[in-house]
Structure formats: structure tokens, C-alpha cells
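User: I'm new to this one. Can you walk me through it in short steps?

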Amino acid sequence: MWNFILRNIGQRLILLIIVSFVAHSFIHLAPGEPSEVDPMNPRMKPEDIAKIRAAFHLDDPLHVQYAYWIRDLASGELKSFKDSQPVLPKIWDRFLNSLPLFILATILVWTWAFPAGIYGAVFRGGVYDRGTVFLSYALISVPGFFLSYLAILWVVGWFGVPVISIKTFGLEHAEPAYKMMDRVWHLVIPSVMAAIGGIAVLSRYVRSQMLEVLSQDYVRTARAKGLDEDTVIYGHALGNALLPFVTMFGLLLPGLIGGSVIFEQIFAWPGLGRLAYEAILARDFPIIMTLNFIAAVLTLAGTLLSDILYAVVDPRIRLH
Amino acid sequence: MSVDSEAMAPPETPWQEFLRIFKKDYQALFGFWVLILLLVTAVAGKAFTEWWVLFDPEVVRLTDKFLPPFSVPSLDSLSVDRPFGGVYLMGTDELGRDVFARMFQGSFVSLSIGFVAVGISLGIGILLGGVAGFYGHVKLGFITIETLIMRFTDAMMCFPTFFLILTAVALLPPSIYTIMIIIGLFSWMGTARFVRAEFLSIREQDYVIAAKALGIPEVRIIFRHMVPNALAPVFVSATIGVASAILTESGLSFLGFGVPPPDATWGNILSDGKGFIFDAPWLFFIPGMAIFVVVLAFNLVGEGLREALNPKLRSR
């Protein structure tokens, strides 16, 4: 077991190094320099640009820049190009803002996808099954912002509550219960929108996994020996069908972070996604690189965790 | 057990079997006809808006701003600028351009973005996956080719794809080709992984071993014998890939990094229309519903293909 965990961590560390190379070189290979962000400014003289380039080590070769980046990142002294603020605290603040969205969206995905998929598989071909399968296709086929706009129109028109941003401005002296409800509304709508794609995708996986398990011999045996259908499905099939999804935990993370760029932009939510968008507009390389890197590291950590969990719950895995 | 070649012949060829199953799947069949219709529309759109200009998507008629669908041009507009048939089928936008003409032109642009992006991602995916699957055991110094390629693929999968695409598109000069290429360059990881898995299993099949024993050159074994057998799942992911490329393009348009004007795509018509959702709802709903229907059709066809091509799913 320890052997397995250590080997897994070792593989992840190697991946981590590749990830850091990719995160760094990717952005420097693309044309477009931070010093060119304001080319029309008449006060920007060539010597200023040279000064900027020297300050940000932009004239050094790529591997030297990489070394600078890693050194500053490790010592926590990496500074944003835009406002010279330290990058890590900046990202941390925004991350804390995004966290409720991520958590609620993840909870929604995992609590809705499983019942929907399992129920569809058990009553395969029924009205419910066909309905949910079609619905899940419909939901992944709508452009996210189109659906979000419709949701905003509907919620604002029907319930009369504002949903843009984290909270309504000017409610400082309102009653706590009212403030609370305000926050909840602001949180729920973007989370649901961010979760919809994940629910649709995951519920289809759950359904096909459950179908796979239901066609196994041991399910037939369980039925043959006269167990009632509930015991067969919930006692024998369900656990085995759910097992592989332990590994999905980490893999859903990149989608959530990548999707947050659009959803936080729609809902004016000052989180990681907006930070990324602002950094891209400002050619703020340290922020972009570090965000990419952190997203990848989170994913690596997520997959590592789920691989270990998987090995704990399913001893067959360690043999491979 | 008698070995009678007549009795052993399968009752239908794989292609007939595929057609029989696919035809029973009404959702996929519906999607298929929608896609045929779309293809015709796209080609006609290219023809009638660029080669033989019946519908000009670029004429600006400031006297005819924000006309709802099926409205007639105002008398002030110049007669040469009148839309074909004398009616705005889908209304006009904030510059008085004919939305129908723009949607017509956009159908070709949107579809070609999807196809080119998927072509690029399939090319890279099949190449890397195939090499990793077939030459995986070959050592380059101290690591095998397979380790090298697959670890790189794993590393790329860790990044949020949409964010990478957005960054690259934002840094590069804006153009429709940049968008196609970038979407393709960042979406090959899934293809590479399952092509490798297919190749690993096909490599051990009897017919490949037989081909090797006959001394057939490796290149011929790969392209004549192995690739066609690994293509079924590639088709499925290609179909779904076109759908997601169209969605990605609309997402990029929403963030302001879509195809630059004057080219119209459904994505940028939709994202321009979002500002007029109360005054001119048709500018928002027509492209939105068009994208929805087309992407849905691609997804349904992809799923139908998956069911019809996968013998394991079929038996259930």
C-alpha cells in the first residue's frame, strides 16, 4: 500500500515538473508582450519599454526566465506586472471568493448526477430515462452564457431578486435574515449554472456505468437466487457501479475552473475566473502562469487523492 | 461443430448492421437530418453571401435599425440595399444589417471552425496516440516514447482547457484562423488517449500478428490494417468535438475574443445580441436557438454512432 502511494506521488511529482514547464513556456511562446499592452501611449518611450523589459527579465532566455519564475514563486515574491502586488495573496483572495461557488457547484453535481443516472439505468428505456438522457444532451448543447442570461431574466422577473455579483450593494443596515437570503440568491444561481454541464456529463457516465454493472454475472446470480430487486440494485450493483467515480473527482476540477471564467464574467463574481480574464487583458504574465500552474496542481492533487482512495476501497487496483 | 463456410458467413455486413441500429435510433436520425440540412445551409450560405450575392450580410442600413422579423424595409432605405425578397426574415440588428443574411453567412463560418478545429485535434491525437500505442516500447535514451507522450498528454489534461484557449487567442492577433487552430491545438488529449488504448489492444490481435508474419511493411500494417479498425471511436469523438468547438467559439465571442468582424459567426451574433435582449430579443434568441439545435444534433448523432458502432453496448 505505502509502496503504491509513494509510486503515485513520485509520478505526480514528475508530472508537476512537466506542468510547470508547459505553464511557463506556453505563455512565452505566444507573441504579444506585456510591454506592448499600451502601444498608443505617447508617453511610453523606447527607454521606458527597455526598463520594463529589464525589470521583468523579459530579455533573458526562456530557461532563465523559468528559473526566475520558479524562484519567485517558491519564495512568494512573485509580483504582478500590472500593479506590482504579490501574486500569491492576490490569487488567494480571489480563490476565497470563488470557493463558495466551486463548493456549491461540486455538491450540486455530485448530488444530482448520481440519482439521475442510476434511476435512468434501472428503468432503462422508460419515459424518465429517455427524458433525462435527452435533457442532459440539451443542457450540454446550450451555450453557457445563453442559458445564464435566460436564468437571470427568469429569476429577476419571477422572484424579483437581484442575482448579479456577490451581494446587493447598500444592504449593510438590512436585517440579518434578509441579508442572508440575498447572499443565498446571489450564490445559488451562478452555482447552478456552473454545475449544469457537470451534472449532464456525469449523469450519463453514471448511467452507462450502472448499465454495465447490471449486465454482470453476479447481478444475474443475485437475481437468480431470488433476492428482491431493491437488494440486487442497491445492495449488489450500486456499490460496484459507484466505485470508478472516486477517480472522477480530480478530473472535474479543470472544467470547473475553466468554466468559471465565463460564469464569473456573466455574474460579475470577483473570483479566480475574473482575475484570470483581467490578467489576460493586461498581459499580466505572472498571474496567468501561476493561475494555470495552480489549477494544474489542484487537478494533480485531486487525481492523486482519488487514486489513493480508489486503491483503498478497491484492493484489485494495487495489483496493477 | 461443422465448418461450413456458407453457414458461418455473418448474416449482414458490419455496415448493414450499423445502418439497421442507427435507423432505429430516432434521436440520432433526427440529429442526422438536422446536420444534412445544416450542411446544405452552410454551403448555400457561402454561395449566396459571397460568390453570388443575393443576401449581403454587410450592408448597413441605419434607417432600418432593430426591425423585428418579417418586417418590410422602410421607404427611406435605398432600393439597391433592399434585402432579397423585400422582407427581413429574421429582422435587423443595431446597424440595420439583415440578420438572416448574417446567420446564413455565419452557418458556414461556424461550421468550418468546428470542422477545422476537429481536423487539427484529430490529426494530432491520432498521430501521438498511434505512435504511443505502436512504437511505445521503443526507448529514447532512458525513457520510452510511450512514457514521454502519455506523460505530456496527462500534463496537458491537468490544465483548464478553456482558459488555455482563451489565453492563446487573446495573445495572438485576432483572426478566424487563429481561433480554429488554437481550439484544435488544445483539444487533442482525449483522442490521443483512446487511440493509444485502441492501438495497444489492436496490436495484439491475430490479424496484425499475421500481417507481421507475412512480412508486410510496418507503415502498411499501421495505415491499412490498424487505423481503420481504430477509427470507430474517433468518429464518435469527432462528431462531439465539432459540437464543443462551436460552443467554445461562442464562449470566446462572449468574452470578446471571438472571430473579429466583418465575419459573422453564430457565436458573435449571439454575443452582440445580448446587449439588446429587451429591445430586440430576436438578436439574442435566433442565434442562441440555432447554436442549441445544431450542437444538440451533433451530440445526438455522436451518441447514436457510439451505440451503433460499439458491439458491447449493443448486446444490452
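**A first walk-through**

Analyst: Let's start with one residue. Setting aside neighbours within four places in sequence, Ile233(A) is in contact with Val122(A) and Leu238(A). Keep in mind that this is a predicted model.

User: Which helix is Ile233(A) found in?

Analyst: Ile233(A) belongs to helix H9 of chain A, which covers residues 229–242.

User: Is Ile233(A) buried or exposed, and why?

Analyst: Ile233(A) is buried, because 21 other C-beta atoms lie within 10 Å. The cut-off for buried is 20 or more.

User: How many residues apart in sequence are Ile233(A) and Thr132(A), and what about in space?

Analyst: In sequence, Ile233(A) and Thr132(A) are 101 residues apart. In space, the C-alpha to C-alpha distance between them is 20 Å.

User: Zooming out. How many helices and strands are there in chain A?

Analyst: Chain A has 13 helices and zero strands.

User: And what box do the C-alpha atoms of chain A fill?

Analyst: Along the principal axes, the box is roughly 85 × 55 × 35 Å.

User: What percentage of chain A counts as buried?

Analyst: Of the 320 residues in chain A, 32% count as buried.

User: What about contacts in chain A between residues at least 6 apart in sequence: what share join residues at least 24 apart?

Analyst: That share is 71% for chain A.

User: New topic. How many residues of chain B are in contact with chain A?

Analyst: On the chain B side there are 35 residues, and they are in contact with 38 residues of chain A. Four helices of chain B each give two or more residues to that side: H5 (145–158), H6 (161–171), H10 (218–254) and H12 (282–309).

User: Which one gives the largest share?

Analyst: H6(B) does, with eight residues.

User: And by class, what is on the side of chain B that touches chain A?

Analyst: That side of chain B has 24 nonpolar, seven polar and four charged residues.

User: Now the largest nonpolar core. Which residues have the most contacts inside it?

Analyst: The largest nonpolar core has 151 residues. Those with the most contacts inside it are Ala276(A) and Ile288(A), along with Met103(B), Ile165(B), Leu166(B), Val169(B) and Ile246(B). The largest share of this core comes from helix H4 of chain B (residues 99–134), with 18 residues.

User: Pick Ile165(B). What is Ile165(B) in contact with, leaving aside neighbours within four places in sequence?

Analyst: Ile165(B) is in contact with Ile182(B), Ile183(B), Phe186(B) and Thr248(B), with those neighbours left aside.

How values were computed. Residues numbered from 1 in each chain as written. Chains lettered and ligands numbered in written order. Predicted model: local features only at pLDDT ≥ 70, side-chain atom pairs only at ≥ 80, totals over all residues. Contact = placed C-beta atoms within 7 Å. Nonpolar A, V, L, I, M, F, W, Y, C, P; charged D, E, K, R; others polar. Buried ≥ 20, exposed ≤ 12 C-beta atoms within 10 Å, placed from the backbone. Core = buried A, V, L, I, M, F, W, Y, C linked by C-beta atoms within 7 Å.
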